[in-house]
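Q: I'd like a close look at one part of this model, please. Take me through it slowly, and then say a bit about what lies elsewhere.

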Amino acid sequence: MAAAASVAEYHSRDFDWDELREEVESDPCLAYHLTPSAPVSCSSSSSPSLSPCEADAWRSFHRRHSSGKFFKERRYLLEEFPELARCDGFAKVLEVGCGNGSTVLPILRAKQSMIIYACDCSPEVLERAKEIISSANGISSEERFHPFLLDFSVNNFPKWLFCSSCQNALVRNQSSSSEDAAEKLMTRDELDFRTNTQCCIGGVDFVTLIFTLSAVPLQNMPFVLAQCFSALKPGCLLLFRDYGLYDMTMLRFPVKQKVGDREYMRLDGTLSYFFSLDIVRDLFVSAGFIELELEYCCLDTGIRIELWT
Ligand SMILES: C[S@@+](CC[C@H](N)C(=O)[O-])C[C@H]1O[C@@H](n2cnc3c(N)ncnc32)[C@H](O)[C@@H]1O
């Protein structure tokens, strides 16, 4: 009964995004949000610019909010991404920018068979996430939660996630599978066996990017997405949710905090970018992803517009 009630409560279409756009774009008081800044390319994934301030600002943020209670558990997560709930059996998830575990917790709670690898740039918040998860009721976290420290906006994911030798072996296997599908395709279990006994974990079945990409400078996003793509097993899913264009959070920023096109800096130095569907599509497709679902999520709450793919 509790589950039925929470499913009924989940909604994402409280209003029409195009009506909101018309309202915002015709309001002279909000005109500064629309003024374009210098264009930034979305297609280069090879050379991220160094952005020490961005990760440093988050480290300071987590030191100041050391109780770790700032982010709430995302109880709606499996309703919003039913692919996680439907996934049977053993699966690996990489949560990018995990904070104190708001996204990790509901997955571990709901799916006993899932293992989560989770990174963040703040050692304090990773410690906090470990404490929160190990003290949460009904979660066996010892073998299932693996946090690691990484500034992913300028560093590669570690090779133990998916080394190039196993990646190449899997791609070779898949390309030869069209000739002899039944015999040559390496199954997930075979890959797990091969990789668990050797060099890496063999890639992940899901990457979650939940309110994290917006925290990274726009020019570093292609690099981050290329990294996410390379950590995923072929054919597996990236689940994305983040701030959408004309979210209330964006409209509340004063002009002096606008640091780029749709990009704002909070007083504590952390960044927030607000995505249109076009930009998300451009960024993700340039990184090699295929779009399955992408839309604005329009809620009559403080955070009004979000999108996912
Ligand atoms: C808004 S929080 C989202 C946390 C979590 N994904 C959730 O669902 O609540 C963004 C997180 O990304 C982390 N982060 C931001 N920039 C980062 C970077 N360059 N490298 C690693 N983590 C970063 C921050 O420390 C913060 O914990």
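Which residue has a polar backbone atom 2.8 Å from a nitrogen atom of the ligand?

A: That's Gly 97, whose polar backbone atom sits 2.8 Å from a ligand nitrogen, a polar contact being N or O atoms within 3.5 Å of each other. Bear in mind that this is a predicted model, with local features needing pLDDT of at least 70 and side-chain atom pairs pLDDT 80 or more, while totals for chains, interfaces and linings use all residues. Numbering runs from 1 along each chain as its sequence is written, and side-chain values use heavy atoms, without hydrogens or water.

Side chains join in too. Arg 74 puts a side-chain N or O atom 2.8 Å from a ligand oxygen, and Ser 153 has one 3.4 Å from a ligand nitrogen. On its own the ligand has 600 Å² of accessible area (Shrake-Rupley, 1.4 Å probe), and the protein covers 98% of that.

Now step back to the whole shell. There are 20 residues around the ligand, each with a heavy atom within 4 Å. Sorted by class, the shell holds 8 nonpolar, 7 polar and 5 charged residues, with Gly counted as polar. Helix H3, residues 52-64, gives the most, with 3 residues; helices here are DSSP H or I runs of at least four residues, and strands are E runs of at least two.

As for charge pairs, the structure holds 11 salt bridges, meaning a Lys or Arg side-chain nitrogen within 4 Å of an Asp or Glu carboxyl oxygen. In one of them, Arg 21 pairs with Asp 18, with the closest N and O atoms 3.6 Å apart. Those two are 3 residues apart in helix H2 (residues 17-25), so about one helical turn separates them.

Finally, there's an open antiparallel sheet of 3 strands, ordered S6-S7-S8, where pairing takes at least two DSSP bridges. Strands S6 (258-260) and S8 (271-273) are the edges. S6 meets S7 (residues 263-265) over 2 bridges, and Lys 258 stands opposite Tyr 264 in S7.

Definitions and conventions:
A polar contact is a pair of N or O atoms within 3.5 Å; within protein, one must be able to donate a hydrogen and the other to accept it, and residues adjacent in sequence count only if both atoms are side-chain atoms.
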